[in-house]
Amino acid sequence: MSVARLLWVGWRFHFKSLTLSGFFLITTVFGPALIATIAYYMFKTGQRPGTLFYASLGSAVYGIWSATLFGSGGALAWQRWQGTLEVVVSTPTPLLLIVLPLTLSTSSIGLYSLASTLIWGRVVFGIPFQIAHPLAFVVAVPATILGLGLLGVVLASTFILYRHANALSNMLEWPVLLVTGLLVPLSLLPGWSHPIAWVLAPTWGVRAIRGAALGGNPWPSTAVTLGLGLAYLVIGAVCLRYVELAARKQATLSLT
Amino acid sequence: MIAFLRIFFIGGLIAYRGLFNWIRPAIYIPTMLVGPLFQILFFAYLGRYSRLQNDAFFVVGNAVQVSAMSGVFSATMAIANERQFHTLSPLLATPANRFAVFMGRSLPVLVNGLVVSAFGFCMGYLLLDFKPPASSLAPLALVVTVSVASCTAFGLTIGSIGLRARDVFLSANLVYYLMWLFCGVNIPLNALPGWLSQIGRLLPLTHGIAAARRIADGASLGSVSGLVWTELGVGAAYATASFLLVRFFEYEGRRRASLETF
């Protein structure tokens, strides 16, 4: 019960906190809507108008990815800069239970991306909002958010090993947008990039959401997204444990 | 005159090193090279999928635009960070020529922008279907230099607003993103609604990108001179605006004793 309360309170606190951040509002609302707009114009001018809703959904998942990347990737580094990392680590609560709600909240504010791109597409470009399988859609969206949030645990625990976590975040935004097929189908990309896509939750999350919205069977992709999430949780927990022990042993917890 | 040149060149370089003392390869390579490279690749592949234009269109557009990583962000920081770092008051207490002080630091920013842009072009040549004729390289370099200079002047304008505004870096982010849409980077201007393309024509890079595309396609420098002069004019206008804003905010900051208050 106390674990559930901790996760809920932590998630709610970080969700509110991120909502008040201008940077994250740009990342989740403005950025995806802009990418969607560019894609709309490119598809319209390139005579691919049937793909506009496809672009909306891809841009929405891009927003979830961006928020997770910047929010989770820098999560521990920010705690370090603010001088709260030592306090957080020294509490009796396992570090994973403190980091988990944070990373889940970063992917959760991706809901703003979904709302903004769909509303923007409907209002400005008249893209019809018709969901083929509403129930599957309602499951696929939280599953994607959960999958990316758990990927965030891996990002948070590994980026801290690199002294410049923000630079890593800056570097990874575009490659993952490209390689996971959010807007460009994987079939257009070189074959060697496909295995990379398969181990990334956004690939399966966007497939699940598109399958539910545009038609198709979204359930296998939803299951893979959740399965990957579980794997990320295990990897993230191990990495966090390693980082925490190493930092305690070498007394480098607060060193930037 | 010697003092002016010394402050412009040497002072500009020292100020740049001071304000960007945190830049090192571990930050520069992921942020200024790898990120922009994948921006170019992403839009080129999106272009293939949308069937809008060929690779060259997106390589030229994005390779010029990624210079704004330096032109917008670094130029903004080159002015606004004096206030953030609380070095603005001592700086403005000096009798040094303000034009030399603030415009001098734009030179390293410009060089940095050219490096990022050149890297983008090289990667476009190596990884994508972008093979400009050898004869176009010199005029292309000239056009890119003019475009990056114009963009740097625009960044200085945003930076000078940072002498007053609370958080100018948010605006710099917004502007950088909007350039993808407004400046004809990924969508031809004639495919945009009239009002959007009109805004684009008032921004830096728009005319430079158009000129660079035609040169990469084999056109002569003379045939795009109108676009190049327009780009230069846009840059000169922003440089003037930047200088006037710096002077205005300096005057207002002194009058209200609010140079470094937020």
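Helices here are DSSP runs of H or I with at least four residues, numbered from the N terminus. I keep in mind throughout that this is a predicted model.

**Entry 1, helix H12 of chain B.** I looked up B:Glu250 and B:Arg247 and found both in helix H12 (residues 225–256) of chain B, three residues apart, which is about one turn of the helix. Their side chains meet in a salt bridge, at 3.2 Å from N to O. I noted B:Glu250 as buried, because its relative accessibility of 6% falls under the 20% cut-off, whereas B:Arg247 counts as partly exposed at 39%.

B:Arg254 is partly exposed, with a relative accessible area of 48%. Through shared partners, salt bridges join B:Arg98, B:Arg247, B:Glu250 and B:Arg254 into one network.

In chain A I checked A:Arg241 and A:Glu244, whose side chains meet in a salt bridge at 3.8 Å, N to O. They are three residues apart in helix H12 (residues 219–250) of chain A, and so about one helical turn apart. A:Arg241 is partly exposed at 48% relative accessible area, while A:Glu244 is buried at 11%. Over all chains, I recorded ten salt bridges.

I looked up H8 (residues 137–161) and H11 (residues 206–216) of chain B, whose axes come within 9 Å and cross at roughly 170 degrees. That crossing makes H8(B) roughly antiparallel to H11(B). Their contact has six nonpolar, two polar and no charged residues.

Notes
Residues numbered from 1 in each chain as written. Chains lettered and ligands numbered in written order. Predicted model: local features only at pLDDT ≥ 70, side-chain atom pairs only at ≥ 80, totals over all residues. Heavy atoms only, no water. Axes fitted to C-alpha atoms, helices over the stretch in contact; angles between N-to-C directions. Helix = DSSP H or I, 4+ residues; strand = E, 2+ residues; numbered from the N terminus. Parallel < 35°, antiparallel > 145°, perpendicular 65-115°, else oblique. Nonpolar A, V, L, I, M, F, W, Y, C, P; charged D, E, K, R; others polar. Salt bridge = Lys/Arg side-chain N within 4 Å of Asp/Glu carboxyl O. Buried < 20%, exposed > 50% of the residue type's maximum accessible area, 1.4 Å probe, protein only.
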